[in-house]
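Please look over the sequence and the 3D view, then read on.

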Amino acid sequence: MDQEATRRPAGRFGGTTAARHMRDLDRSEALRLLSTVSLGRIVFTRHALPAVRPVNHLVVGEDVIVRIHEDGALGSLVAPCDVPGVVVAYEADAIDPVTHLGWSVVVTGYARVVADTDEVDRYASLLRPWVARPISALRIRPDLVTGFRLEAEPTRRLPAGRS
């Protein structure tokens, strides 16, 4: 397993952290950022316990579409017809491992399997498979969209004549 992304650069242990701040994202910016990456993690309940799986996704309007394998753990997320779906959370981010600058977004909402075969075929062509298996698609309708951006503190200019 490649551990490069988890290693700290030499000489950084015990060093100081660069000045940065966290800025909350509004819903539209969070969804826009989410649409710029293709990999995230879905959090769901399996056998009454929390479970997390990495999946690829795309954003269509405000909906998050994830590719699932019908015989996989996510294939069990079938909601009865009389409910809006199964509650899930979806998280994706882009944070630089060296500077720790970037963003993270969490979408919480109801997920339902996409039933329309034309839609499934269209999403299947847009979402790259990890393994060759029959696929389906899951649509997450977000109720809650939260996120933050980790940004460098702006450098302060000293008034002229000061050093």
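Arg141 counts as partly exposed, at 48% relative accessibility. The class runs between two limits: buried means under 20% relative accessible area and exposed means over 50%, with a 1.4 Å probe and protein chains only. This is a predicted model, in which local features need pLDDT of at least 70, side-chain atom pairs count only at pLDDT 80 or more, and totals for chains, interfaces and linings use all residues. Residues are numbered from 1 along each chain as its sequence is written, and side-chain values use heavy atoms, with hydrogens and water left out.

**Salt bridges across the chain**

- The structure holds 10 salt bridges. Each is a side-chain nitrogen of Lys or Arg within 4 Å of a carboxyl oxygen of Asp or Glu.
- Side chains of opposite charge can pair when their charged atoms come close.
- Arg141 lies in strand 7 and Asp63 in strand 4, so the pair ties together parts that are 78 residues apart in sequence.
- Asp63 is buried, with a relative accessible area of 11%.
- Helices (H or I, at least four residues) and strands (E, at least two) are DSSP runs, numbered from the N terminus.

**Glu119 and its partner**

- Glu119 sits in helix 2, which covers residues 117–126.
- The side chains of Glu119 and Arg139 form a salt bridge, at 2.6 Å from N to O. Glu119 lies in helix 2 and Arg139 in strand 7, so this pair ties together parts that are 20 residues apart in sequence.
- Glu119 is partly exposed at 25% relative accessible area. Arg139 is buried at 13%.
- Leaving out residues up to four places away in sequence, Glu119 touches Val114 and Arg139. Contact means heavy atoms within 4.5 Å.
- Glu119 and Ala137 are 18 residues apart in sequence, and their C-alpha atoms are 8.6 Å apart in space.

- Arg149 belongs to strand 7, residues 135–152. Arg149 counts as buried, at 19% relative accessibility.
- Beyond residues up to four places away in sequence, Arg149 touches a list of residues that includes His21, Arg23, Glu29, Arg32 and Trp103.
- Glu29 is buried at 19% relative accessible area, while Arg23 is partly exposed at 29%.
- Salt bridges that share partners join Arg23, Glu29, Arg149 and Glu151 into one network.

**Helix 1 and its cover**

- Helix 1 spans residues 27–34, and its buried residues are Glu29, Ala30, Leu31, Leu33 and Leu34.
- Strands 1 (20–24), 3 (49–60), 4 (63–69), 5, 6 and 7 are included in what covers those buried residues.

**Strand pairing**

- Strand 5 (residues 86–95) pairs with strand 2 (residues 39–46) in the antiparallel sense, over 3 bridges. Two strands pair if DSSP finds at least two bridges between them.
- Arg41 has Glu91 of strand 5 as its bridge partner.
- Strand 5 is also joined to strand 6 (residues 102–113) by 10 bridges, and these two run antiparallel. Val87 has Tyr110 of strand 6 as its bridge partner.
- How many residues lie between strand 5 and strand 6 in their hairpin? There are 6, and His100 in the turn has a positive phi of about 60°.
- In a regular strand the side chains alternate between the two faces of the sheet.
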